[in-house]
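Student: Please walk me through this one, and tell me what stands behind each label you use.

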Amino acid sequence: MIHTPSLIRSLLIPLFLLPLSAFAKPPVSEENHKQFEKKFAEMCVENEKKAMQGSGVLLSEVVGMCECIAREESKRVTSEEVTQFVFENQYPASLMMKSNAATYTCVEAQKSAPTSP
């Protein structure tokens with residue numbers, strides 16, 4: 001008969017002996033950040049083009065906002081999310097949440113930016 005506390009101890013103790021780096025996710029390379037930003041900005045612009053027809057919004061404004069969102073989101077992506085988005089053509093829910101936060105950051109930055117006369 002297996003004694004439960006000793007079983008738990010035998011399973012958990014090795015985890016405490018592992019270095020913290022064993023639990024760390026690999027960092028996202030600079031190249032992967034660039035790939036993510038490019039693909040995300042292109043996707044964003046394509047989606048917004050459909051929505052902006054007849055709205056009076058300039059394409060250059062959309063491109064600028066999409067590039068800002070891509071840069072902001074890229075700061076927060078994990079290597080797993082980059083793999084899913086760039087290489088597997090998936091859009092995980094975690095990216096959607098990060099996109100919402102990045103959009104807010106970019107919109108607020110645009111509001112506080114001085115306007116040229």
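Student: What does E81 touch, leaving out residues up to four places away in sequence?

Tutor: With those set aside, E81 touches R76, S94, L95 and K98. Touching here is contact, meaning heavy atoms within 4.5 Å. This is a predicted model, where local features need pLDDT of at least 70 and side-chain atom pairs count only at pLDDT 80 or more, while totals for chains, interfaces and linings use all residues. Residues are numbered from 1 along each chain as its sequence is written, and side-chain values use heavy atoms, with hydrogens and water left out.

Student: What makes the E81–S94 pair a polar contact?

Tutor: The side chains of E81 and S94 are joined at 2.5 Å. The term asks for a pair of N or O atoms within 3.5 Å; within protein, one must be able to donate a hydrogen and the other to accept it, and residues adjacent in sequence count only if both atoms are side-chain atoms. At 2.5 Å, this pair counts as a polar contact.

Student: Why is E81 called buried?

Tutor: E81 has a relative accessible area of 6%. Buried means under 20%, exposed over 50% and partly exposed in between (1.4 Å probe, protein chains only), so with 6% E81 counts as buried.

Student: Where does E81 sit, and which other residues of that helix are buried?

Tutor: E81 is in helix α4. Helices (H or I, at least four residues) and strands (E, at least two) are DSSP runs, numbered from the N terminus. The buried residues of α4 are S79, E81, V82, Q84, F85 and V86, and their cover includes α2 and α5.

Student: How do you know that V82 is buried?

Tutor: V82, also in α4, has a relative accessible area of 1%, so it counts as buried. Beyond its neighbours within four places in sequence, V82 is in contact with V28, N32, F36, V77 and F87. As for distance, V82 and E37 lie 45 residues apart in sequence, yet 9.8 Å apart in space, C-alpha to C-alpha.

Student: What makes a set of residues a nonpolar core, and which members of the largest one touch the most others?

Tutor: A nonpolar core is a set of buried Ala, Val, Leu, Ile, Met, Phe, Trp, Tyr and Cys residues joined through side-chain atoms within 4.5 Å. The largest one has 20 residues, and F36, F40, I69, V77, V82 and F85 touch the most other members. Helices α2, α3, α4 and α5 each supply at least two residues of this core. In soluble globular proteins, nonpolar side chains tend to be buried together.

Student: What is I69 in contact with?

Tutor: Neighbours within four places aside, I69 is in contact with F40, S99, A102, T103 and C106. I69 is one of the buried residues of α3, a list that also includes V62, M65, C66 and E73. Those buried residues pack against α2 (30–52) and α5 (93–112).

Student: How do you know that α3 has the expected span?

Tutor: The expected span is 1.5 Å times one less than the number of residues. Helix α3 (residues 59–74) has 16 residues, and its 22 Å from first C-alpha to last is close to the 22 Å expected.

Student: Why is Y91 called partly exposed rather than buried or exposed?

Tutor: Y91 has 31% relative accessibility, which falls in the middle band, so it counts as partly exposed. Y91 is found in the loop between α4 and α5. Leaving out neighbours within four places, its contacts are F40, M43, F85, M96 and S99.

Student: What makes N89 stand out?

Tutor: N89 has a positive phi of about 55° although it is not a glycine. Most residues other than glycine have a negative phi. With a relative accessible area of 60%, N89 counts as exposed.

Student: Where is confidence lowest, and where is it highest?

Tutor: Confidence is lowest in helix α1 (residues 4–17), at a mean of 52, and highest in α3, at 93. Over residues 18–23 the pLDDT is below 50, and that stretch has 2 contacts in the model beyond near neighbours in sequence. For the protein, the mean is 81, and 75% of residues reach 70 or more.

Student: What is the secondary structure, and how much of the protein is buried?

Tutor: There are 5 helices and 0 strands. Of the 117 residues, 26% count as buried.

How values were computed: pLDDT is the predictor's confidence in each residue, from 0 to 100.
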